[in-house]
Amino acid sequence: MDHGAEFALEKHFDPIGARIGMWLFLFTELLLFGGLFLLYAIYLNKHPEDFHYASSQLNQFIGAMNTIILLTSSLTMALAVGAMHRHSRKLALFFLILTFLLAAGFLVNKYFEWGAKIHHGIYPGSEELLQHPQGEILFYGLYYTMTGLHGLHVVVGMVVMGFLFYFSVKKSHKAVSLQPHFLQPLLGKKLKLTDSKGTKIWESEEISDQISGVEVILKGKQPEDKFASNTVKFENAGLYWHLVDIIWIFLFPLFYLIAM
Amino acid sequence: MEKPQEKYQLMGYGTYVMIWLALLLLTGLTVTVAGLNLKNVAIFAAILIAGFKSTLVMNYFMHLKYEAPLFRNMVYIAIFTLAIIIGLTFTDISFR
């Protein structure tokens, strides 16, 4: 037996290592948003009245709705990962699509929320906003930066979900190549494919010395190893999505509720 | 490929739903507490509840509870680092 073929079958597969890598990435996200939260805390400390007034101008109802939407999307994402671990791909895809739709719903709310504010002339650098007290300018600057950056993470999450969907529905292609020295004994003969009853499905040309190789491509259902590696992708996308949820868990009370 | 892979601890779908319900309840609590007009305590209450919600998300949704101790320790180090950054900055601005 050729050892090359055996080694080719060995896959580098380390789900725990993959999860550690994802967590390390999430820590960089934590520090990114942590810095912004720190900035928020300092300016809140400096301009409490302005912050409270500006916060009271935000739409608490939309904020609460978006919190519920994002928490629910976190649930459906966790359920999708759970379904992958139980080998129910269809259920996992169902929960994945649900998560995607909830994420889209979050962004639609955000669109109306930002749209209403911008309609009233409240956006960074606007003439209207520049006439407000300094604390309010800072509040809205942080509001647009932090919810904007968070919204960007939601968009990235949706793109990641799109890739997950693609990887999960993609049919696998497996190619097996026969090298020329395997063909040597077959010279002058034909290759034939038959089904289990011996009926011919397909027959090749006569093999001459013109033919330098044969490649067999197997198309079909996703094999087990593909399923396992897709599960890792689901896990890591899930970790990312839950972090996006956690960030919103802090953003919601700090921006929407401090004035109540 | 004979290396034994550590078994992934499966959680029931029901557990996830329970955690989700708890998160919704805590969101309701956040809104209620914010309405009590507690002044300066309000912000700490909000952060405390948000911290508790995050712990639930990390432990269950993010599976941290069932991961190897390494994961938990990494999270502690990251949060500790953030706490130092926040703590030192606040000591700076408070005693300026």
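## Domains of chain B

In this predicted model, the C-alpha centres of domain 1 and domain 2 of chain B are separated by 20 Å. The domain assignment places residues 12-62 of chain B in domain 1 and residues 66-96 of chain B in domain 2.

## Contact between the chains

Chain B contributes 33 residues to the contact, and chain A contributes 32 residues. On the side of chain B that touches chain A, the elements giving two or more residues are α1, α2 and α3 (69-94) of chain B, and of these α1(B) gives the most, with 10 residues. By residue class, this side of chain B consists of 26 nonpolar, five polar and two charged residues.

## The largest nonpolar core

The largest nonpolar core has 68 residues, of which Ala80(A), Ile247(A) and Leu251(A) touch the most other members. Elements of both chains give two or more residues to this core: from chain A they are α2 (15-46), α3 (48-56), α4 (60-85), α5 (89-119), α7 (134-169) and α9 (224-257), and from chain B they are α1 (13-34) and α2 (40-61). The largest share, 18 residues, is supplied by α9(A).

When neighbours within four places in sequence are set aside, the residues in contact with Ala80(A) are Ala92(A), Phe95(A), Leu96(A), Thr99(A) and Phe234(A).

## An exposed strand residue

Ile217(A) belongs to strand β4 of chain A, which covers residues 214-220. This residue counts as exposed because Ile217(A) has 9 C-beta neighbours inside 10 Å, and the cut-off for exposed is 12 or fewer. Although Ile217(A) and Val176(A) are 41 residues apart in sequence, their C-alpha atoms are 6.4 Å apart in space.

Key
Residues are numbered from 1 along each chain as its sequence is written. Chains are lettered from A and ligands numbered from 1 in the order in which they are written. This is a predicted model: local features need pLDDT of at least 70, side-chain atom pairs count only at pLDDT 80 or more; totals for chains, interfaces and linings use all residues. Helices (H or I, at least four residues) and strands (E, at least two) are DSSP runs, numbered from the N terminus. A residue is buried if 20 or more other C-beta atoms lie within 10 Å of its own, exposed if 12 or fewer, and partly exposed in between; C-beta atoms are placed from the backbone. A nonpolar core is a set of buried Ala, Val, Leu, Ile, Met, Phe, Trp, Tyr and Cys residues joined through C-beta atoms within 7 Å. Two residues are in contact if their C-beta atoms, placed from the backbone, lie within 7 Å. Domain bounds come from an automatic or database domain assignment. Ala, Val, Leu, Ile, Met, Phe, Trp, Tyr, Cys and Pro count as nonpolar, Asp, Glu, Lys and Arg as charged, and the others, Gly among them, as polar.
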